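I open these notes with a strand pairing, then turn to the sheet around it, and end with an interface and a pair of domains.

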Amino acid sequence: MEMTKSSGAEVKTRGHILIEDVVKVYDPEGAAVMAVDHCSLEIEAGEICMIVGPSGCGKTTLLNAIAGFHEITSGRILLDGEVLCSAQKPRAEPGPDRIVVFQNGALFPWKTNLENVVFGPVMQGRMTKAEALDRGRAMMADAGLAGVEHNYPGEVSSGMRRRVEIVRALMNNPAVLLLDEPYRALDSLTKSVMHEALLEIYYKNKVTIFFITHDLEEAIFLGHRVAIMTTRPCKPKKLLTVDIPHPRDYSVLTSKRFRELMQETSEAVHEEARKAFQAGEREG
Amino acid sequence: MEVQAGQEHEARAALRESAPFRDASERLLERIAAVARLVRVEQGARIYGAGEVADDLYIVASGRVEHVFKREVGAREALKRIGPGGVFGWAGLLLGQSARLASATAVEPATLLRIPAEDLVKILESEPVEGAAVMDRFGQMIQRDFTVPTFLAQVRRLSGAPLTEEMSRFSLTMYRISLWVKSPRPYLMMIGFAIFLGTWYLAVEVWRLPRFRDMPGLTVVVKEWLSPNPTYGLSVYTAEYYQHIWVSIWRVTQAFFLATALGVPLGLLMGWSPRFKEYVFPIFEMLRPIPILAWVPLAIVMFIATESAVIFLAFLASFFATALNTMLGVQSIDESYVRAAHCLGAKRWQVFRHVIIPGALPFIFTGLQISIGVCWFSLVAAEMVSGQYGLGYVINTSYVMVRYPTIIIGMATLGIVGYATSALVRIAGDYLMQWRVRELALSEG
Amino acid sequence: MAAGGARRINARVVTHGLVSILIFLVLWEVGSRSKVWLAWDAFGPLRDLIAAFGLKTHYLPWIGAVPAPSAVFKAWMGVIDQAGYWQSWYMSFQRVLGGFVAAMLIGIPYGLMLAVSRTAHGINFPVFESLRPIPPLAWVPASIIFWPTQELAIMFITFLGAFYTIVINVVGGAKSIDGRFFQAAQSMGASKWDIFKRIVLPGTLPSIMVGSAVGMGITWEVVVAAEMISGGGSQMGGSGGGLGFFIWNSYVGGSYEQIVVGMISIGIAGYVSSELLRSLGTYVTPWLRVR
């Protein structure tokens, strides 16, 4: 399923994800629990796809399946036409083409920020250490992180840590960036700054972004498309294309079109949230 | 907020009141007063909130301001009331900070001198010697008055000004000590020791209480310990004393290093490879519950030479503790780190070397501190039962030969030496895990 | 991902465990019988290797002196129907229980006091920490001098061993209670006693249970040591009894197989008591069982 486009335009052809009829059934203590229910979703290369849903609905399971941390029970997931996982090969291989930015951050606390950033290329041996350090410093400066290269992650603010983690991921030229509620633990002021920072980084490095959140505003602000998921078992309930043009900045938040989109979708989200609340879903 | 223009005199007076500018030259004050503005705020007015852009610095000319740090800053006391002469809003002067670290509200009607941080920095940069000194004093004032962790409170280095020295290790220690001395802790500690030693002295030597009568008294022990010619042969002046200490320490060292060399790799493997654990752990868990001293006769039978037997026993105890804690440490590593490493393309052995080992290190060192305690425990017991030389032996024979004060000398020496070795392990750990020391420092309070 | 899969995995784990234990026993058996087979001609080079280390060559070093599992088992069967053996169990358990209960009864309140009151902590903790590196066994002579009976002396030592661990765990546990629980309680109008009863106590309970499980292990160590020292190794005289004494006696009497019997018995006793404590722990803290 390659993306065909007329030549000439600068087109991103890496990072096309096809989720085909994926089912994931857990078996905790004998009672089969379906986490993902025949979910199908197609994500274009270079697209920012926001996955919105109530806590515990199974969206992280989807992300983990793409990343290769969990197995799927049936269905297929393809990346640029190649099968990542299927019923025959239930678990994908984790790799630098799909890098995850974790909810609580997974920067190695025992390495400095710069050492973290160059970890990927150094481990894979794609560059010499000197090259990697140069490139790392440049990318960090690009992201506004100059000056904290030699600090440990524990010494800088959580907003900075997130950005370092994203730079660490981008150093490997991934096809897809998988973000699992990365800004959940930040206060709303830092969050809005982080959003702009993420978009800035995105405009410089067009990767496919698969971003899980429960914050509808965040989703519409950042995404090209927003997929609203049902509560467990998870399945796309409504797909929204955000036709506000990129590049965007925070003035978008008060624009008329933004409010309209919020109106269109908030009912769907709210409905699922209410269902989840009644079902007593535990945090996923 | 009312702006009052032309209050140069008041502005300079306010600057003089504050710590960083107390000794500044008139010329510098003049320059700063030129870019500063006096503002009046009402009671209850919100001056700024945490997270906002840190653009202006404030000095209180009159009135009172309430300054509350946000939690992530890790200040020991988050709330501070600032009166005349106090400086706040200095976040813009710190390395790597551009947002407010706290929120500030006026609790009384106040007059504040507002100085744009960037303008201040430019002025200080253009003053070759004074500028650096003032920045220095900012740094000192912040650390002294605002209880923030040292690593946060590093002021920016002025470009073009001579490099001010980072807070050296020594001054850091001095600062910590000064904080400690100011707290009630050292005095309570002295009270505690006084009670303990006092009770001992009184119960044995003065009141001669029934049970305590036969115990060696405090003064007797101290006299013996410090006497150049001890009645029972052991004091800080006798060579024999140090011989025993050395023998015990040497045995512990051998046992401990051997146990660490074998226990850490075993623990790492057991934690890392489920398959390995399935094979090895059952045997491990079968042998572990057997108390170390139950091994004494068997050890004597096995090793014949008592020296090896004693070291073996200390080794065994230490080994179990180290291996177990290491294994638990590996198991406690957050899964996300391993997953992140996989995403970034690390192979299995790379994950082991770059994630598992550093990740388990804090737990390993906690285990090592437990382990060395256990090592001493077993060594002393083994020495008491079947040793020649060593502190355990000293304690045992002193009892047998009715040299009671020496028993206490032995015990006290054991305490000191045991503590010292434990501290050594901890220091080694701190040295290897710089990142953790800093992280913990930031979260103190 | 069916239930059968989980059962299959468990069976595999158990088999692996059993296999390795079996291999361990076999190696042990072979090793301890080395007096027999090492003399055979085929093992000439091995004997030379051992001799090169300056050790005696008529049995394997270390393992060769250990009694074989088969001999140990035989001895165990022999001892099982002797009253004296079970009497030893009883006496050891008695001492362990006595010392341990005393440690809990005194240690828990003491630890809570240190955790709750800064002043008490400041006064007590430094002295406590200074005395901690002194191994409990180093207190044996002092204890014997002080206490009127041998039994009390031994119990004091076992008390000491567990006391330290329990106090440290209680203090640590109380300190780690999330500050927000206190704030929530205060905002709901709780008195200091309420807070203590409903937050500090339950919040510290998990640490108390962990501390007691570890303390139990230490108690056994100390009991055995004390029994050996006072009943056997030195001339501190007095009644003996208990599994530690059993072991020492076996050594002195030359029945090495019985030494190992004693060791295994204590291992089992220690393991059983720790497990009992752990189950008690889960019973007492039901909220930790979820998940």
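The strands here are DSSP runs of E with at least two residues, and helices are runs of H or I with at least four, both numbered from the N terminus. The model is predicted, with local features requiring pLDDT of at least 70 and side-chain atom pairs pLDDT 80 or more, while totals for chains, interfaces and linings use all residues. Residues are numbered from 1 along each chain as its sequence is written, and chains are lettered from A and ligands numbered from 1 in the order in which they are written.

I then looked up the strands of chain A. Strand E1 (17-26) and strand E4 (74-79) of chain A run antiparallel and are joined by five bridges; two strands pair if DSSP finds at least two bridges between them. The open sheet has four antiparallel strands in the order E2-E1-E4-E5 (chain A). I noted E2 (33-43) and E5 (82-86) of chain A as its edge strands, each pairing on one side only.

Next I examined where chain C meets chain B. I found 48 residues of chain C in contact with 49 residues of chain B (C-beta atoms, placed from the backbone, within 7 Å). On the chain C side, H12(C) gives the largest share, nine residues.

Last, I consulted the domains, whose bounds come from an automatic or database assignment. Chain C is divided into domain 1 (1-66) and domain 2 (68-288). The centres of these two domains of chain C, taken over C-alpha atoms, are 34 Å apart.

Notes: Contact = placed C-beta atoms within 7 Å.
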